[in-house]
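The briefing below is arranged by topic and is meant to be read beside the coordinates. Please keep the sequence at hand while going through the points.

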Amino acid sequence: MSTAARPGRRFTVGRSEDATHPDTIRAAISEFLATAIFVFAAEGSILSLGKLHQGTSTPGGLVAVALAHALALAVAVAITTSF
């Protein structure tokens, strides 16, 4: 096995014009908004459950958090598909 340094590889993904295309920018913004909505609702439900109840690993609490995650995902998808 040779110890010589390998030449660097260059990878190109798409063209530079694709990064500034309005459809690409719209898709990136909608992805960012969907992620923000999902994370905000998911973490908010977990934190509020911790404030409301002492034991956060109760079956009812876990169902409430799961429902909050599901509804947050549904809202995020509904909002971003209308963009």
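Arg26 counts as partly exposed, at 39% relative accessibility, where partly exposed lies between buried, under 20% relative accessible area, and exposed, over 50% (1.4 Å probe, protein chains only). The model is a predicted one, in which local features need pLDDT of at least 70 and side-chain atom pairs count only at pLDDT 80 or more, while totals for chains, interfaces and linings use all residues. Residues are numbered from 1 along each chain as its sequence is written, and side-chain values use heavy atoms, with hydrogens and water left out.

**Salt bridge**
- The side chain of Arg26 meets that of Asp23 in a salt bridge at 3.0 Å, N to O, the criterion being a side-chain nitrogen of Lys or Arg within 4 Å of a carboxyl oxygen of Asp or Glu.
- Asp23 is partly exposed as well, with a relative accessible area of 46%, and a search of the whole structure finds one salt bridge.
- Both Arg26 and Asp23 lie in helix H2, three residues apart, about one turn of the helix.

- The secondary structure of the protein chain comes to three helices and zero strands, assigned as DSSP runs numbered from the N terminus (helices H or I, at least four residues; strands E, at least two).
- The 31 residues of H2 should span 45 Å at 1.5 Å a residue, and the 44 Å between its end C-alpha atoms agrees with this; the expected span is 1.5 Å times one less than the number of residues.
- Ser30, Ala34, Ala42, Ser45 and Leu49 are the buried residues of H2, and these buried residues pack against helix H3 (59-81), with contact taken as heavy atoms within 4.5 Å.

**Surface**
- A nonpolar patch on the surface is formed by Ile25, Ile29, Phe32 and Leu33, with about 370 Å² of accessible area together; areas come from the Shrake-Rupley method with a 1.4 Å probe, and for residues only the protein chains shown count as cover.
- Patches are made of residues with over 30% relative accessible area and no salt bridge, like charges being joined within 9 Å and nonpolar side chains (Val, Leu, Ile, Met, Phe, Trp, Tyr) within 5 Å.
- Ile29 lies in helix H2 (residues 22-52) and is partly exposed, with a relative accessible area of 42%.
- Of the 83 residues of the protein chain, 12% count as buried.

**Confidence**
- The protein chain averages a pLDDT of 81, and 83% of the residues score at least 70, pLDDT being the predictor's confidence in each residue, from 0 to 100.
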